[in-house]
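Me: Could you take me through a few of the labels used for this model, and what stands behind each one?

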Amino acid sequence: MIKKIISVITILSSIAVFAQAQDVEKSTSISTKIKVKGKIIATDKSQIIGAIIQTQNKTVATDENGDFQIYVDTLPVTLKVSYLGFVNKEIVVENANMATYTLEEETKNLSEVVVKGFVNSNTEARRRAESLQETPESVTSFTKEEIQAKGITNLVNFAPYVPNINFTTSQNAGTNFMIVRGIPQIRNGESPVAVVIDGVTVQDPNIMNRELYDISMIEMVKGPQGALYGKNAIGGALNIITESPSNVQKNRIDMGYSKGNMYKIGVMSSGAVVADKLFYRVSANFKQGDGVFKNETLNIAPDYMRDISARAQLKYVISDTWTATATAQYFKTQAGAVYYAHAKAGSPTYTSGPFGQPILKPNDFSGVIDSDILGQSNLSNAFTTLKIVGNLNKVRFQSVSAYSNSNISYFGDLDFQKIQFYKQQQNNINQIFNQEFRLMSQNPNARLTWSVGAFFQSLNKSLSLDALIYDDITQSYQKASNFGVPFSTLTGAPTINQQSATDFTNTYNTLALFGFSDFKITEKLTASAGLRFDYDMISQKNKLSNTNPSTTNAQLQPKLSLSYKFAPEFMLYANYGLGYRSGGYNQEKSAVYDAFYKAETSNNYELGFKTTALKNRLIFNAAAFYIDLANQQQYAASFGSKGLIIGNYNYDKSRSIGFEAEIKCRASKYLDILGSVGYTEAKIVKGGLSGSTDRKAFEGNYIPFVPRYTYNIGLQSVVPVSKSFNLTGLISYTSKGQIAWHDNNEDFNPTYGLVDAKIGVATKTFEFGVFGNNILNQKYYTEWFSASISGSSAGDIGWYGLPSIFGANASFKF
């Protein structure tokens, strides 16, 4: 272990030393170049983050303060500046002094004949602002204008626009499933992607589907990203950047109403507390609805919800090169839970299963929700961060401190029927502290750019789960120790006790070192290398067995990349990366899993290209991938010594092969054609033994929860009525291929497609739009359990996806 740590320190130190050597080597050539610095702002004097600045052979982007620097050979020089929603501008720079440049918002001209191409999109996929088309990663990135145009308010309606991504919710607030290139998320496990908000890692999958409001950019980077984004980024990284506090006063009110008596209101205010020195931004969002489904027994909607969230930021400009930003966020959700549908007795599809249960196949949508218990879930999170950024000579320094506390609980029916029989309840508490220090090279035009850093995380995850049975004597639900499977075979009086079936706390203390560098071998050829070393100290406090097992795990995660620009409009790249997701302890060993599930690793190979044509009117990016996975993690419910327990297990080996492509085409002045497609074949290669279950019979089967394909095609339009008044419209169709619900591959979700549409009007200060989601009312399931898997006396059960939802939104700026 000591040898590994020393090796990592040596390698990362070498990156920094080599970088300094390159600086010395290049000192003569750099001294002949001139550093031009500047700031890009809008007409209201707010900074523009991610604006693209280009010379004939250099491209940079503005940072979080709207600042840029670029090296040029001679002065004067012409810089081309572009940003989505603003007029492209050419700036003639005659001296190297710091200057501020203003971009004007774009206004459509009805008489204009020329069809302009797409503005260069920017990304922070490699933790710095740069052109998306010059980044050798598979990235889907949306600016705030695109987020608004597409009506993205959470990850559920973001995922359809990203190929080979599937994101769904189920069971209760906080139960989310993200699947990336055949790597699924599992209950009570870690997400396959690192979620990063404003540079801060959010290591809590329960809060992934939070309401997205006041967002500047959202992007998905696929492939292992540990060296850049941190822990558990085995499948990629989800990067969310919120709007920054500004020196200019801004205010906004958002309102909306939709089916199910769902109404929402949001407010935002930003400005200067002390001009040019201390800025604030506060935003809040409230949403409440009655629900759109119906519980036939209780005659009420089971999917009610109430959500309130707020964020406050303070940004202090310490000096010209140092800033400190403090952020506090809080949200609380109360919503329905555990409203699974099952086959209705007497329906045309009703048949008897092996234990007399009714059968409801995944292509049958006659299932009924008729639980006798109105389930409820509660999810709350408090999240605070402190980010300090500044320059140390030629090096940029960043410190990020963060603390998160989440509480998740739910209760609901467990027989899923209108009889007083079974009930379930669960409680989770996740407490996380992160500290990261990062050093980065300053000059984005240097032949070698680099970053190195260190990371510490302390994570406590507590879980308790109870399966209760109705006691006729006390006329209440009680914990029962002989709660057996299948439910229909339970005989004799239950043994009542007050001890949970699952009750433990897993603690993860993680130390990590990381580094990443880009080296321009030639003007066209760039090589990249990254390395991360994670050392996990994992322990458990098991309250039922009174044991405290512990273990450690160390993992090196290399990343290599090579890109070649055949022309300014065409780049080919190849990537290799080793991904890692930490393991952990279950409640106990059962028939289907062991007391400990292993860490998951992956070897990822990717080949892709990015191209533009027709003066940026056509953008086409594509990539193919091959992933070998070892100890891929999966979830199962089982029965232990005290009743119902849940846990995770591993496949020894699995594999995922696929491809993806994205296209943007400006067909005319007022019409854009947008599309994406992804295909994944993810299969179990070697099942292995976990608990007393030999999964050899599943070898060659499809991995559960992975859609065989995803595709989206859309038409988007902005038609100017006048210089300050536009009509906007969007219609899109999203399709998902077959999904295997279990590793036995006995049940598959059929292919289905959803049509969404939005139309509206917009001025500089006011926007109004109406929308429809799933407007053809396509029925589908987002989760499915066969009776042989769940053991439910209700038979097969499924979680319905949302039906057609129509509504309207309005926004006022002042």
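Reply: Strands (E, at least two residues) are DSSP runs, numbered from the N terminus. Arg447 sits in the loop between strand E25 (422–441) and strand E26 (448–471). This is a predicted model, where local features need pLDDT of at least 70, side-chain atom pairs count only at pLDDT 80 or more, and totals for chains, interfaces and linings use all residues. Residues are numbered from 1 along each chain as its sequence is written, and side-chain values use heavy atoms, with hydrogens and water left out.

Me: Why is Arg447 called partly exposed?

Reply: Buried means under 20% relative accessible area, exposed over 50%, partly exposed in between (1.4 Å probe, protein chains only). Arg447 has 32% relative accessibility, so partly exposed it is.

Me: And what makes Lys559 buried?

Reply: Lys559, in strand E31 (residues 550–567), has a relative accessible area of 5%, so it counts as buried.

Me: How do you know that the side chains of Lys559 and Glu137 make a polar contact?

Reply: That takes a pair of N or O atoms within 3.5 Å; within protein, one must be able to donate a hydrogen and the other to accept it, and residues adjacent in sequence count only if both atoms are side-chain atoms. The Lys559–Glu137 pair comes in at 3.3 Å. The Lys559 side chain also reaches the backbone oxygen of Pro224, at 3.5 Å.

Me: Which backbone oxygen lies 3.3 Å from a polar atom of the Arg447 side chain?

Reply: That of Ile521. Arg447 and Ile521 are 74 residues apart in sequence, yet 7.7 Å apart in space, C-alpha to C-alpha.

Definitions and conventions: Helix = DSSP H or I, 4+ residues; strand = E, 2+ residues; numbered from the N terminus.
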